[in-house]
Amino acid sequence: MRRKIVIALASALGLVIAAGTVLVYGASQPVSAPYPEVSADRSEHGIARGRVLFEGTCAQCHRAPGSTRVAGAPLSEVPAFLGEFHSRNLTRHPTAGIGGFTDREIARLLRYGVARDGHASLMPTYGFSDDDLAAVLGFLRSDDPLFEADGTETPPSRPSLVGRVLVRAGLPDPATRPVRGMRAPPRGPSVEYGRYLAHDVFDCAGCHTPGYDPDKTNGGDLLRGGFEFVGADGAPVRSPNLTAHASGLAEWTSADLGRALRDGLKPDGTAVRPPMPLFRGLGDDEVEALFVYLRSVPALEGEVPAAQPVRTPRPSDARAPEQLFVELGCPGCHAPGARHHAQLEQARGEDPEALARWIQHPETFQPGTPMPSYGSLLSDADALALARWVSEGASRTQ
């Protein structure tokens, strides 16, 4: 009997080793995918559209905190079991950046997840229409300061076995994404266009659906929240429920959604948590399209509830600056160890009036900034009081 148990265990171990070998081998092999027949749209309209798409899908990962260029950054929000990840330099530098890449190489990377060397990329893929893909390429080729040549060599990502296998499993079938002819639904406040934005462009569904199954957005947990990231303190941070359930967005209005997406402020007045990007350039019709699409999916109870609206304004004259700092959710980005803590330290000694203007409307100083816009919540007096507190260094204790 003991011998049979040993033989059975040895056989099982052999199967595990064999399966692991196959997975490792498969995840390391070149990937066959065509080059999309799409080139950069360098028109004024194309570059403007490309900016909106780039800021909502790319800048959050490729621009380090405090940087004015997309020269790459460590991706600390990725769970450790997937490996260590670092986004690459996207500036015009010919070797450290993508200055030497062709349009079709970038297009293949975005549409099929295949890197320049023919291997699976660690970056997500996007189901952009041909026009939107051309717009992103046009913005990448523009003279925007984001892409000013930067010779910073980004360290290579080091995915774990699980990370490599999941990346390979998540690659789209080239047959489902043709080299040309991909079209978006007509732009407008429709469910169809909202679904295109939520799934193919901004990947709301991927981040707000739990689990790592590549086909999860076609399952029964769509948009219920619970996908896990890593917070600044190393603790799990999970995405909230986006369905129309009471634990999700049932009480939200289209205006609430627009303020969260464009200004980074939830209906309760707190900041949207990283790694959620901001989508400052979204049109009202696109916000409405996303809203009606989210209303169209089945309402599911989520383990992580969305913030509920606060319809009565809170008194502003009774809050001390340190209370404002906490109530507005500032520690989520600026606490020690958080993604933008260094920027808080750098603000010490700065002109309080300039800081107050930044706090209220940072997008006027740095287009595409991930800093929420607090102008609709803070009076000039409150913003100045908070700015003085930050400038004096009192926020170091938060």
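**View 1. Arginine charges over aromatic rings.** The charged end of R104 is placed over the ring of Y35, at 4.0 Å from the ring centre, where sitting over a ring requires NZ of Lys or CZ of Arg within 6 Å of the ring centre and within 35 degrees of the ring normal. In a further case, R116 has its charged end over the ring of F101, 4.4 Å from the centre. The model is predicted, and local features need pLDDT of at least 70, side-chain atom pairs count only at pLDDT 80 or more, and totals for chains, interfaces and linings use all residues. Residues are numbered from 1 along each chain as its sequence is written, and side-chain values use heavy atoms, with hydrogens and water left out.

**View 2. The ring pair of F81 and Y212.** The structure holds 11 aromatic pairs, a pair being rings of Phe, Tyr or Trp (its six-membered ring) with centres within 6.5 Å, called stacked if the planes are under 30 degrees apart, edge-to-face if over 60 and tilted for the rest. In one of them, the rings of F81 and Y212 have centres 5.5 Å apart and planes at 85°, so the pair is edge-to-face. Because F81 lies in the loop between α3 (59–62) and β1 (83–84), while Y212 lies in the loop between α8 (204–207) and β3 (228–230), this pair ties together parts that are 131 residues apart in sequence. Helices (H or I, at least four residues) and strands (E, at least two) are DSSP runs, numbered from the N terminus.

View 3. Y212 is partly exposed, with a relative accessible area of 32%, whereas F227 is buried, at 13%; buried means under 20%, exposed over 50% and partly exposed in between (1.4 Å probe, protein chains only). F81 is also partly exposed, with a value of 43%. The rings of Y212 and F227 have their centres 5.2 Å apart and their planes at 55°, so this pair is tilted. Ring pairs link F81, Y212, F227 and F229 into a cluster.

**View 4. Contacts between helices α4 and α5.** Helix α4 comprises residues 103–112 and helix α5 residues 130–140. D103, I106, A107, L110 and R111 in α4 meet D130, L133, V136, L137 and L140 in α5, with contact meaning heavy atoms within 4.5 Å.

Note on methods:
Axes are lines fitted to C-alpha atoms, for helices over the stretch in contact, and angles run from 0 to 180 degrees between N-to-C directions.
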